[in-house]
Amino acid sequence: MSTPNERLVEALDRGENKWMILLNEFRLVDEDQDWMRLAACKGLGAHLFFPERGANVKLHKAAKQVCGRCPVRGRCLKCAITNGITDGVWGGLTGTERENL
């Protein structure tokens, strides 16, 4: 049985709509999800934001660089924290970094 993170990466790799997958998989709590269409990561590969555990630190740095120029970084981070998402880089922070807030 695959984890939600693995299912998300597989679906993204198949070209499925990232935001609908996230909404369905994580059942995100966010009354206004229009911010997602403005995300700097929109259309980028899932492997960058959802690297396998123990992945090269360079992937996290690359993801954080994308987040650093994102106009909706704060909303993304809030969404991850509100929904208890522990996998992936959201709002410029890894799951471990979000846990330490």
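**Cysteines, helices and contacts**

Reader: Let's start with Cys-70: buried or exposed?

Author: Cys-70 is buried, because its relative accessible area is 16%, and buried means under 20%, exposed over 50%, and partly exposed in between, with a 1.4 Å probe and protein chains only. Please keep in mind that this is a predicted model, in which local features need pLDDT of at least 70 and side-chain atom pairs count only at pLDDT 80 or more, while totals for chains, interfaces and linings use all residues. Residues are numbered from 1 along each chain as its sequence is written, and side-chain values use heavy atoms, with hydrogens and water left out.

Reader: How many disulfides are there?

Author: The count is zero disulfides, where a disulfide is a pair of cysteine sulfur atoms within 2.5 Å. For Cys-70, the nearest cysteine sulfur belongs to Cys-41 and is 6.2 Å away. Cys-79 is in no disulfide either, and the nearest cysteine sulfur to it, that of Cys-76, is 6.8 Å away. Cys-79 counts as buried because its relative accessibility is 2%.

Reader: Okay, stepping back, how many helices and strands does the chain have?

Author: The chain has six helices and zero strands, where helices (H or I, at least four residues) and strands (E, at least two) are DSSP runs numbered from the N terminus. Of its 101 residues, 41% count as buried.

Reader: Which residues of H5 are buried?

Author: In H5, the buried residues are Cys-76, Cys-79 and Ala-80. Seen down the helix axis, the buried residues of H5 fall within an arc of 95°, so they line one face; the arc is that of the directions from the helix axis to the C-beta atoms. An α-helix has 3.6 residues a turn, so residues three or four places apart point the same way.

Reader: And what do those buried residues pack against?

Author: They pack against H6, while the face of H5 turned away from its buried side carries the exposed residues Gly-74 and Lys-78. Just after H5 comes Gly-84, which takes a positive phi of about 65°.

Reader: What about Arg-73, where is that?

Author: Arg-73 is in helix H5, and it counts as partly exposed because its relative accessible area is 35%. Leaving aside neighbours within four places in sequence, Arg-73 is in contact (heavy atoms within 4.5 Å) with Cys-67, Gly-68, Gly-91 and Gly-92. Arg-73 and Ala-39 are 34 residues apart in sequence, and their C-alpha atoms are 7.6 Å apart in space.

Reader: New topic: in the largest nonpolar core, which residues touch the most other members?

Author: Trp-35, Phe-49 and Trp-90 do, in a core of 18 residues. Helix H3 (46–49), helix H4 (57–68) and H5 are the elements that give two or more residues to this core. A nonpolar core here is a set of buried Ala, Val, Leu, Ile, Met, Phe, Trp, Tyr and Cys residues joined through side-chain atoms within 4.5 Å.

Reader: How many aromatic pairs are counted?

Author: The count comes to one aromatic pair. The ring centres of Phe-50 and Trp-90 are 6.4 Å apart and the planes are at 85°, so the pair is edge-to-face. The rule is that rings of Phe, Tyr and Trp (its six-membered ring) pair if their centres lie within 6.5 Å, with planes under 30 degrees apart counted as stacked, over 60 as edge-to-face and the rest as tilted. Phe-50 sits in the loop between H3 and H4 and Trp-90 in the loop between H5 and H6, 40 residues apart, and both residues are buried.

Reader: Which side chains meet in a salt bridge?

Author: Those of Glu-97 and Lys-64 do, at 2.5 Å from N to O, a salt bridge being a side-chain nitrogen of Lys or Arg within 4 Å of a carboxyl oxygen of Asp or Glu. Glu-97 lies in helix H6 and Lys-64 in helix H4, so the pair ties together parts that are 33 residues apart in sequence. Glu-97 is partly exposed at 29%, and Lys-64 is partly exposed at 27%.

Reader: Last one: what does Thr-94 touch?

Author: Not counting residues up to four places away in sequence, Thr-94 touches His-60, Lys-64, Gly-88 and Val-89. Thr-94 is in the loop between helix H5 (73–82) and helix H6 (95–99), and it counts as buried because its relative accessibility is 13%.
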